[in-house]
Amino acid sequence: MAPQGLVVDRSPHAVGPGRCQVCGAKVVVENSDEIVIKNAILRVDGASGRVTAKCSRCKAWVAVPLTYTG
Ligand SMILES: [Zn+2]
């Protein structure tokens, strides 16, 4: 059964720096058993399912290691 909803993509190519490229604010905090997105505003690209989160400091969109599967 395929997972549905937001899926954490742990493949190496998918995990970005977890920081905003504009201001350097930490957006994604990875612990051993959880990933915390420090801002709840998420945007999903409809075609690819790639997810971005809005930086709370400078409002730039930051790629996060999540994929939306519907
Ligand atoms: Zn920022």
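User: Which residue in strand 6 is the bridge partner of lysine 54?

Analyst: This is a predicted model, so local features need pLDDT of at least 70, side-chain atom pairs count only at pLDDT 80 or more, and totals for chains, interfaces and linings use all residues. Residues are numbered from 1 along each chain as its sequence is written. Strands are DSSP runs of E with at least two residues, and helices are runs of H or I with at least four, both numbered from the N terminus. Lysine 54 has its bridge partner in strand 6, and that partner is tryptophan 61.

User: How many helices and strands are in the protein chain?

Analyst: From the N terminus on, the elements run β-β-β-β-β-β. The count is zero helices and six strands.

User: In what order do the four strands of the open sheet lie?

Analyst: Strands count as paired if DSSP finds at least two bridges between them. Strand 5 pairs with strand 6 over five bridges, in the antiparallel sense. Strand 4 and strand 5 are also antiparallel, over three bridges. The four strands form an open sheet with antiparallel pairing, in the order 1-6-5-4.

User: Which are the edge strands?

Analyst: In the order 1-6-5-4 of this open sheet, an edge strand pairs on one side only. The edge strands are strand 1 (6–8) and strand 4.

User: Which residue of strand 5 is the bridge partner of leucine 42?

Analyst: Strand 4 and strand 5 form a hairpin with five residues between them. Glycine 49 in that turn has a positive phi of about 80°. The bridge partner of leucine 42 in strand 5 is alanine 53.

User: Which residues make up the covered face of strand 5?

Analyst: The uncovered face holds Arg50, Thr52 and Lys54. Valine 51 stands opposite valine 64 in strand 6. The covered face is Val51 and Ala53.

User: Which residue takes a positive phi in the hairpin of strand 5 and strand 6?

Analyst: This hairpin has six residues between the strands. The positive phi is near 70°. The residue is lysine 59.

User: Is cysteine 58 buried, exposed or partly exposed?

Analyst: Cysteine 58 sits in the loop between strand 5 (50–54) and strand 6 (61–68). A residue is buried if 20 or more other C-beta atoms, placed from the backbone, lie within 10 Å of its own, exposed if 12 or fewer, and partly exposed in between. Cysteine 58 has 13 such atoms within 10 Å, so the class is partly exposed.

User: Which residues does cysteine 58 touch, not counting residues up to four places away in sequence?

Analyst: Touching means contact: C-beta atoms, placed from the backbone, within 7 Å. Cysteine 58 and alanine 25 are 33 residues apart in sequence, yet 8.7 Å apart in space, C-alpha to C-alpha. The residues touched by cysteine 58 are Cys20, Val22 and Cys23.

User: What percentage of the residues of the protein chain count as buried?

Analyst: Asparagine 39 counts as partly exposed, because it has 17 C-beta neighbours inside 10 Å. Of the 70 residues of the protein chain, the buried share is 14%.

Note on methods:
Contact = placed C-beta atoms within 7 Å.
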